Amino acid sequence: MLQKVIESLVQILNQDGYTNIVVSDTIKHANFTDYEKRLYTKLVYGVVENKILLDYLVQPLTSGKRIKPYLKNAIRVGVYSIDYLNIQDHYIVNSLVQTVKKKDYKASTFLNAILRKYLELPKRKIATGNYLQDLSIKYSINLELVELLQQYPDCIEEILSVKQDSKQSYRINTLKTNKEEIANLLNSKGIDYQIIDDVILITKENLINDELFKNGLIVAQDASSIKVGLVLNPNINTSILDMCSAPGSKAMHLAAILNNTGKIIACDIYEHKVKLIEENAQKLGVTNVVAKLLDGKNSSFEKPFDYILMDVPCSGLGVLNHKPDIKYQMTIEKINGIKKDQEQIVENGLKYLKKGGIVLYSTCTINKDENELFIEKLLRKHPNFKILEELKYLPTSTNDGFYICKLKETTNEE
């Protein structure tokens, strides 16, 4: 199991893999016991979430040494286990050494020496003399992203320290059920819950393995994300273009609001994600969504749409809670490239909006350059649009950070 942990960390931290995908694929193909699945997941996510801090803690023992990725990640697993897990130190050290020995005997002796010396080190205090650098280490996030968050000067650490609590968020699929039926079913199971806005279900219970989820009565979706459909709130028998749709959660919500009337074109640039949209539609009883393999930056359409949803690619700084690899993989250079993509998608999409139609722009980031400042720039370029509604969510223990802006093209009569 430890070998799989180290290999997974190499994929994530050295090969830009996505934590959730790597973990899911590994568990799917590995012959783990239930205990091993839990421990594997705990170790991988724990190391990824704390990578910079772990490297800082062990730095006095590794400074100046060139360490290959496999061994470096084995060291991180050891340090994380020693400091954060209720496992006997000698057991985890011996187990890691034996695991690495199968691959590289010399590396295993180095690992053994490093971890045993680490056990004797006094706990290092984070004190670089630079507040932002200290935050970067403490919360294991690239320094340049910490500097970017200075746009929230009064709550930088509050944003970085947010941890999702045990509550789960789901959307009630009104194509198959309603809030009253869900309430009755949950009551019969003795599950505590809260229903917000008729479709947002909050519960401490993980319902992924429950029949409610398996049968498509509820959908796993963050409360902030569900707000996108509620704000757009399209009229029955209208047409919608969802320009960046996969996995299709928002398109499926819009289909439910339309009660399967009208037509929704759901686009994505990856064939496997288009297939995922189609699979989700079938599971949820959606019949008015057509998934298409198209690039929102340059795709064309025969007819204009009543509504256009632009849930654009973004830096993801609102979802660090469950996508910790973003903390290392996202850079200012990448964000600048993403901003260009956002502009291309929006400008292309506006060509296919009916006169007087409505656009909803959304991201799962809290970077103002991709949100309200982007919209300000857009309105300067397109003064014929006006904001109907704008919502900004910072990440909290119960919801992701999100930005939602509903725009309408004004006509001569308005």
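Lys51 has its place in helix 4. The model described here is predicted. Lys51 is buried, yet no salt bridge involves this residue. Its nearest side chain of opposite charge is Asp55, 5.1 Å away. That distance exceeds the cut-off, because a salt bridge requires a side-chain nitrogen within 4 Å of a carboxyl oxygen. Beyond its neighbours within four places in sequence, Lys51 is in contact with Leu13, Arg76, Ser140 and Tyr328.

Helix 4 spans residues 51-62 and has 12 residues. Its end C-alpha atoms are only 14 Å apart. A straight helix would reach 16 Å at 1.5 Å a residue, and helix 4 falls short of that value. Just after helix 4 comes Gly64, which takes a positive phi of about 85°.

How enclosed is helix 4 by the rest of the structure? Nine of its 12 residues are buried, so helix 4 is largely enclosed. The buried residues are Lys51, Ile52, Leu53, Leu54, Tyr56, Leu57, Val58, Leu61 and Thr62.

Two packed helices are described by the angle between their axes and the distance between the axes. The axes of helix 4 and helix 8 come within 6 Å. They cross at roughly 100°. The two helices are therefore roughly perpendicular to each other. On the helix 4 side, Ile52, Leu53 and Tyr56 take part in the contact. They meet Ser136, Ile137 and Lys138 in helix 8.

Salt bridges were examined next. Side chains of opposite charge can pair when their charged atoms come close. The structure holds 14 salt bridges. One of them joins the side chains of Asp210 and Lys189, at 3.4 Å from N to O. Asp210 lies in the loop between strand 3 (200-203) and helix 12 (211-214), and Lys189 lies in helix 11 (residues 179-189), so the pair ties together parts that are 21 residues apart in sequence. Asp210 is buried, with a relative accessible area of 15%. Lys189 counts as partly exposed, at 42% relative accessibility.

A salt bridge also forms between the side chains of Lys339 and Asp369, at 3.6 Å from N to O. This pair links distant parts of the chain, 30 residues apart. Lys339 is in helix 17 (residues 332-350). Asp369 is in the loop between strand 9 (353-363) and helix 18 (372-381). Lys339 is partly exposed at 25% relative accessibility. Asp369 is partly exposed too, with a relative accessible area of 34%.

The side chains of Lys297 and Asp295 meet in another salt bridge, at 3.6 Å from N to O. Lys297 is partly exposed, with a relative accessible area of 27%. For Asp295, also partly exposed, the value is 23%.

Helix 17 also holds Glu343. Glu343 is partly exposed, with a relative accessible area of 29%. Not counting residues up to four places away in sequence, Glu343 touches Phe374, Lys377 and Lys381. From Glu343 to Arg171 the C-alpha to C-alpha distance is 30 Å. These two residues are 172 residues apart in sequence.

Note on methods: Residues are numbered from 1 along each chain as its sequence is written. This is a predicted model: local features need pLDDT of at least 70, side-chain atom pairs count only at pLDDT 80 or more; totals for chains, interfaces and linings use all residues. Side-chain values use heavy atoms; hydrogens and water are left out. Helices (H or I, at least four residues) and strands (E, at least two) are DSSP runs, numbered from the N terminus. The expected span of a helix is 1.5 Å times one less than its number of residues. Buried means under 20% relative accessible area, exposed over 50%, partly exposed in between (1.4 Å probe, protein chains only). Lys and Arg count as positive and Asp and Glu as negative; His and the chain ends are not counted. Contact means heavy atoms within 4.5 Å. Axes are lines fitted to C-alpha atoms, for helices over the stretch in contact, and angles run from 0 to 180 degrees between N-to-C directions. Angles under 35 degrees count as roughly parallel, over 145 as roughly antiparallel, 65 to 115 as roughly perpendicular and the rest as oblique.
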